[in-house]
Amino acid sequence: MAELTSEMKDMLKNQLPYLATSGADSKPQVGPKGSLHVLDDSHLIYFEHTFRHAYTNLKANPQAAVAVADRVAQKGFRFEGTAHIHENDDYANEILGKTKIFDRFPRAGVVVIDVEQIFKLDNTLEAGTQLA
C-alpha cells in the first residue's frame, strides 16, 4: 500500500478530486467526487449516492484512479488502486450515520479505495513519475 503525504492530503482537502473508472466494456468514465476525502494514510473514501456510472463500473471492475490538481500551482497527484463498495453493511452504516447524507438522498453507500500507486501530475519533466 502506498502512503499519502501531508501535501497530498492537503490537496485532496482543498481541491476538487476526479474519479476515473472503466466498466466491463472498458469504456472510461471520469467525474468529480465532492465527497472524496482521505480516510487514512493509505485509503481514500467517498459517499456514493447517485449509483450511476462510477458505481456500475466499480461493481464490474474495482480498479480506480483519482486525480487532483491545483491549477494555479500546476501541481497534482494521481492515486490508483482497488475500490471496495460498502452498502447496507455495518461499515457503511457507521460512516454514513455520522453524516446528513440521508437528508438529501434516500440511498447511499461508501466506497473505500486502497491507494496502491501514486503518480506526480506536476507541469514539469517529472510529470507521470511514480512516487509510491
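**Aromatic pairs and a helix face**

Modeller: Phenylalanine 77 is buried, at 5% relative accessible area (buried is under 20%, exposed over 50%, partly exposed in between, with a 1.4 Å probe and protein chains only). This is a predicted model, where local features need pLDDT of at least 70, side-chain atom pairs count only at pLDDT 80 or more, and totals for chains, interfaces and linings use all residues. Residues are numbered from 1 along each chain as its sequence is written, and side-chain values use heavy atoms, with hydrogens and water left out.

Colleague: How many aromatic pairs are there?

Modeller: Two aromatic pairs. Rings of Phe, Tyr and Trp (its six-membered ring) pair if their centres lie within 6.5 Å; planes under 30 degrees apart are stacked, over 60 edge-to-face, the rest tilted. Phenylalanine 51 and tyrosine 55 are edge-to-face, 4.8 Å centre to centre with 75 degrees between the planes. Phenylalanine 77 and phenylalanine 79 are tilted, at 6.2 Å and 35 degrees.

Colleague: Is tyrosine 55 buried or exposed?

Modeller: Tyrosine 55 is buried, at 11%.

Colleague: What lies over the face of phenylalanine 51?

Modeller: Arginine 107, at 3.6 Å from the ring centre. The rule is NZ of Lys or CZ of Arg within 6 Å of the ring centre and within 35 degrees of the ring normal.

Colleague: Now α1. Which residues of the helix are buried?

Modeller: Met8, Met11 and Leu12, in residues 6-14. They cover an arc of only 100 degrees around the axis, so they are on the same side of α1; the arc is taken from the directions from the helix axis to the C-beta atoms. Helices (H or I, at least four residues) and strands (E, at least two) are DSSP runs, numbered from the N terminus.
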